[in-house]
Amino acid sequence: MIGIKNLTAGYGDKTVLDNVSLTIPDSRVTVILGPNGCGKSTLLKCICQIIKPFSGTIVADGEELSSLSFPERAKRVSYLAQNRPVPDILVRNLVLHGRFPYLSYPRRYRPEDRRVVDEALERLGLSSYADKLVSELSGGERQKVYLAMSLAQGSRTLLFDEPTTYLDIAHQFAVLDEVRQLCTEGKSVVMVLHDIPEALETADHMIVLSGGRVMKEDTPEKVFESGVLDEVFGVRVERGDGHYWCRRSIS
């Protein structure tokens, strides 16, 4: 479990998250929703310590993440950013980067590291791409390579910032199915998603942010019933036959 208490964070003298407190449960899919600029990505960056908060604490399994060394923290939490460079590197070699926290000097990969990488590639249907350059792949294929790198890192909690970006609908479903499977294996997944119906149908636990504050934290059912999504996004979220959709709000 990750516990966040009184977290305030931002960039320079600009506050983006304001006194945020919440809990990320174990072995569940937690989805973060909110309008642009509300602090979703900033929250993920604070959890993995890319951004140092102005104040507050982030605790994983009883230990404050800021007190851990980089390798120990990386074994607890991995982060897949929304926007990433496109390097001229082989797919297999990029996925191997996920094993850095487990290597000691002089950073030589072990048979175990190569086995974990091969398993991650196979799991995401990328084995045939292993010896191709990442720069030669499509946007969706590159996204899956970075997902494989995150899996190879072996962290207990995986943070994904809009992981279905650039994927066609079939691959979106495949990635979300993979996320669900990871949780059955004891992983915790925290995702930023922009598609409200997709988020409601994927999440076990939901956090709604607006203006740098937590507007609602609960199950998707209770978040939907509260009407907070209509209020925050200015739309009308509806449900029928077990599915959700959005309509324009009628004033």
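Visitor: Which strands does helix H1 lie across, and at about what angle does H1 run to E1?

Guide: In this predicted model, helix H1 (residues 40-47) lies across strand E1 (2-11), E2 and E4. The angle to E1 is about 115 degrees.

Visitor: What makes E2 and E5 the edges of the sheet?

Guide: The open sheet has four strands in the order E2-E1-E4-E5, with antiparallel pairing. Strand E2 (14-24) and strand E5 (63-64) each have a single partner strand, so one side of each is left without a neighbour in the sheet.

Visitor: How do you know that E4 and E5 pair?

Guide: Pairing requires at least two bridges between the strands. Strand E4 (residues 55-60) and E5 have two bridges, in the antiparallel sense, so they count as paired. Ala60 has Glu63, in E5, as its bridge partner.

Visitor: Why is Phe54 called partly exposed?

Guide: Buried means under 20% relative accessible area and exposed means over 50%. Phe54 has 41%, so it is partly exposed. Phe54 lies in the loop between H1 and E4. Leaving aside neighbours within four places in sequence, its contacts include Thr8, Tyr11 and Lys14.

Visitor: Which residues touch the most other members of the largest nonpolar core?

Guide: Met191 and Leu229 do, in a core of 50 residues. Helix H5 (residues 139-153) gives the largest share of this core, seven residues. Another core, of 26 residues, lies apart from it, with Leu7 and Val190 among its members.

Visitor: What is Leu229 in contact with, beyond its neighbours within four places in sequence?

Guide: Its contacts include Leu33, Ile196, Val223 and Val237.

How values were computed:
Residues numbered from 1 in each chain as written. Predicted model: local features only at pLDDT ≥ 70, side-chain atom pairs only at ≥ 80, totals over all residues. Heavy atoms only, no water. Core = buried A, V, L, I, M, F, W, Y, C linked by side-chain atoms within 4.5 Å. Buried < 20%, exposed > 50% of the residue type's maximum accessible area, 1.4 Å probe, protein only. Contact = heavy atoms within 4.5 Å. Axes fitted to C-alpha atoms, helices over the stretch in contact; angles between N-to-C directions.
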